[in-house]
Amino acid sequence: MGAVPSTPRWGSAAWSQDTAEYLIGTLVGEKSFPLASEYWQKLLELPLNLHWPAQRVHQACEAFAQNNCYTRHLAKILVHLGWCLQECVSTSTVTPSAFLKAFNATYISSVFLKYLIEDAKSDTFEELYLSIDESEVVPDSFSRDQNIPELVMHSMLSFIGKVDVSPKTYLLHHELLNFMVVAMSTQLLSGPSPGQKDVHPFVDAAMCQESSLVGSVVRKLLLNFIMQPSFSINAASYNMFEGNQTGVLQRVGSAAASFVLLPFSYLVGPSSEATRSPLADISLHVLLILIHYRKCVLEETVKDKITESATSDFLGKENTCFSENPYCKALEHARDIEFDRVDVEGNALSGPVVRLPFASLFDTLGKYLADESAVLLLYSLVHGNSDFLEYVLVRTDLDTLLMPLLETLYNASKRTSNQIYMVLIILLILSQDSSFNASVHKLILPNVPWYQERLLRQTSLGSLMVIILIRTVKYNLSKLRDVYLHTNCLATLANMAPHVHRLSAYASQRLVSLFDMLARKYTKLAELKNDRMHTDIGNSESTGDSIPEDTLTELHIYTDFLRIVLEILNAILTYALPRNPEVVYAIMHRQEVFQPFKNHPRFNELLENIFTVLDFFNSRMDAQSMDGEWSVEKVLQVIIINCRSWRSEGIKMFTQLRFTYEQESHPEEFFIPYVWQLVISRCGFNFNPRCINLFPVNHPVEDGHAGEELKQLQDAEKDGLAERAGLLEA
């Protein structure tokens, strides 16, 4: 009995023609099989129970890439994949073999497609050869002008949108979504700014589908996220693997294909062993890829001006626009399944409307907001879908969403800067609504278990928001020093200020201490500026420009920050003083911090009201005959009593600060790279880091465990969301 070579020639007769080894070897070999050949049925019907090492799989991928240009086997297996899925969708009673063929076709094509995308040298991905050679005979059922990516994506999206997730279809649903991630990963090879010449065959094909199919896919992906499907099944009871066919789950084991090689227990383990559904996770990430994709096109007026000599400089951002994204549109126009809203403005939507259970979506988001991808979905909903935003604002249990968001800010040092920005922008969007600002102060929290610095009992949700936002500002001041983060925090506080109700003692103290901290930083910068100016005056050879530009810029920034904090305090004292005795107490207790700025030309106007309040309550304190020492309780009691008699005649009224969030004109430059960073770090999708041009990669990935390593990807801070989170002060 002779030994079998470890790496036989691909397609060699050394293997039986009925074995998976032979069939895979033939697929990557030099021989081309016609589209109608029986070979394809054998390949897709045979359980794949190979145990190849990584090097062997890599050799197979290399051989496939070398021979695919004339065998066109990638195009052919994709056509068969489309046909298999059409069979699964079109018939009411699908046989287990139909699911098995679709499953195998999806997996096999994923492995080789990923390698070809990573290895692509051209921007148009010609190396994929996604067409059948004109000289080859094709069956009557196949049209030569058929666009293969469109065939595959239409069949795939039809299955996802129309076939329910069940124990019978769970693994195929999961594998199809894995394939979609692979097929759409061509974006990783492009730069962060989409261009007119970018070619993404599969994601562009997905964008061309009819609106009804797009709506059903968006709905199904969100339902997967909501329902978190997870089936406790095993191979013996799984209809798809009757008999001794469990080997299909022991597929090609390799680094090249590890992104779809999830352990059987992970895919279909008992629900008690896992709190997250793998299908829900991949559904969420595919949805994020789809809704944030942008196809760059030229405006018609610009096309007429372009000549053959037009330079790339002319084809800049200002001359481009983006075709409508149907998935983004479907998400933005989704409606609550429980509420059939009449469009009073007469803006009837064309095409079917996605109906979703907003209540279940709200609860599921609250449960999983510790995950960065769920935060991005919430942002996409509250920013894009006015109906869902309105639904959130009328909920009485706002703590369901806010508590995990605030906990994320509390643990800012363990989170990415992009995640912090997303949370802050969500809070800013919510704070634009006055009913929200009033509601958060009516909801009392029994305790806040994750807040370690102080025991918080019977604290309002609004007070906790103030505490956490101020804590975030202080953390940023000491660690990140990011002006955009400061602005977002202060903008939310400013929106909340006129509606503050019974702010807690701790939150009131934090608010005054925030002014003190910013004031001390401002004073140091002002002294540095004055010292430099005096030095210049004493130096006859001075050019007069020795004050660093950064110092002047920082001084200007802190001047603005101090003014915003003073505006916040003014808004509370002007519109809500009788309801906030603790704020008055905190200002009185630290009144010396305001004194140095009383005559400052940039602050004196805003400080007038604060000193008016101080004069009023100080005089009431002086009028009290007091035996013994003043205690906190006695002072507070005097403040509460005199709050009732407070009249605001002496208060100068200022226009309320109101900040709103508005996306920058090119948000895709942040969101597309950000989504793919999340996909790579959370979906186990292993892509060659040397091939990634979409975002900077600091650490190469050496195995399938991409999550921990890619968490250290360089965050797009000042070049990312920060500059695109347009804050408009109205």
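Are Tyr379 and Phe671 buried or exposed? In the predicted model examined here, both Tyr379 and Phe671 are buried.

The secondary structure of the protein consists of 29 helices and 8 strands. Of the 730 residues in the protein, 54% are buried. Among contacts with a separation of 6 or more, 76% are accounted for by residues 24 or more positions apart. The protein has an accessible surface of about 32600 Å², and carbon and sulfur atoms contribute 49% of that area.

Aromatic pairs number 28 in the structure. One of them is formed by Phe179 and Phe202 in an edge-to-face arrangement, with 6.2 Å from centre to centre and 90° between the planes. This pair links distant parts of the chain, since Phe179 belongs to helix H7 (residues 170-184) and Phe202 to helix H8 (residues 201-207), 23 residues apart. Phe179 and Phe202 are both buried.

The rings of Tyr379 and Phe671 adopt another geometry: their centres lie 5.4 Å apart and their planes meet at 20°, so the pair is classed as stacked, the limit for this class being an angle under 30 degrees. Because Tyr379 is located in helix H15 and Phe671 in helix H27 (residues 668-682), the pair ties together parts of the chain that are 292 residues apart in sequence.

Asp371 is situated in the loop between helix H14 (358-368) and helix H15 (372-384). The relative accessible area of Asp371 is 13%; Asp371 is therefore buried, as the cut-off for this class is under 20%. When residues up to four places away in sequence are not counted, Asp371 touches Arg276, Leu284 and Arg682.

Lys598 lies over the face of Phe611, at 4.7 Å from the ring centre.

How values were computed. Residues are numbered from 1 along each chain as its sequence is written. This is a predicted model: local features need pLDDT of at least 70, side-chain atom pairs count only at pLDDT 80 or more; totals for chains, interfaces and linings use all residues. Side-chain values use heavy atoms; hydrogens and water are left out. Helices (H or I, at least four residues) and strands (E, at least two) are DSSP runs, numbered from the N terminus. Buried means under 20% relative accessible area, exposed over 50%, partly exposed in between (1.4 Å probe, protein chains only). Contact means heavy atoms within 4.5 Å. Accessible areas come from the Shrake-Rupley method with a 1.4 Å probe; for residues, only the protein chains shown count as cover. Rings of Phe, Tyr and Trp (its six-membered ring) pair if their centres lie within 6.5 Å; planes under 30 degrees apart count as stacked, over 60 as edge-to-face and the rest as tilted. A charge sits over a ring if NZ of Lys or CZ of Arg is within 6 Å of the ring centre and within 35 degrees of the ring normal.
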